[in-house]
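Here is a brief report on one chain.

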Amino acid sequence: MWDRIRKAGGKVADTLRTEPKAEGGARPHNLFEAAAVYVTASAQDDQERADEAAGWVSPEALSFGVNELACRAVVALARERGQSPGTVARELLGLPAA
C-alpha cells in the first residue's frame, strides 16, 4: 500500500515541479528536497537559502512539502518520546496540554 502512495506522491511531485526536467546528469529539485532545505534554512535564520529553496518549486508544492515534513517530524518525535502526536505537537508549539 505504501508503495502505491509513494508512487502517487512522486507523480504529484512531477506535476507540481516548476523546473523543466534536467538534461543529462543534473536533476531538478523535488518538492520534498525544497521543503527540507526551506525549513532548515528558516530554522537557521538563513533567509537567502530559504528564498532559493522556495524558488525550486511552486508555492503550493512547497506548502505541501513543508506540511508533509511537519507531519513526519511530529510522528517521529512522538514515537521517540512514547507520546501521542497531539501531545508532541502541542509541546512543540508551546500550547497547554489538552
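## Exposure and the chain end

A residue counts as exposed when its relative accessible area is over 50%, and as buried when that area is under 20%. The model is predicted. A97 has a relative accessible area of 77%, so A97 is exposed. A97 sits in the segment after helix 5 (85-92).

How far apart in space are A97 and G86? Their C-alpha atoms lie 9.2 Å apart. In sequence, the separation of A97 and G86 is 11 residues.

## Fold and surface

The chain has five helices and zero strands. Read from the N terminus, the order of elements is α-α-α-α-α. Take the contacts between residues at least 6 apart in sequence: 39% of them join residues at least 24 apart.

Of the 98 residues in the chain, 19% are buried. The accessible surface of the chain is about 7,100 Å². Carbon and sulfur atoms account for 56% of that surface.

## The largest nonpolar core

Which residues form the largest nonpolar core? There are nine: L31, A34, A35, V37, A53, W56, V57, A61 and L62. Helix 2 (31-43) and helix 4 (59-81) are the elements that each give two or more residues to this core. Helix 2 supplies the largest share, four residues. In soluble globular proteins, nonpolar side chains tend to be buried together.

A35 belongs to this core. Leaving aside residues up to four places away in sequence, A35 touches L62, G65, V66 and L69.

Technical notes:
Residues are numbered from 1 along each chain as its sequence is written. This is a predicted model: local features need pLDDT of at least 70, side-chain atom pairs count only at pLDDT 80 or more; totals for chains, interfaces and linings use all residues. Side-chain values use heavy atoms; hydrogens and water are left out. A nonpolar core is a set of buried Ala, Val, Leu, Ile, Met, Phe, Trp, Tyr and Cys residues joined through side-chain atoms within 4.5 Å. Buried means under 20% relative accessible area, exposed over 50%, partly exposed in between (1.4 Å probe, protein chains only). Contact means heavy atoms within 4.5 Å. Accessible areas come from the Shrake-Rupley method with a 1.4 Å probe; for residues, only the protein chains shown count as cover.
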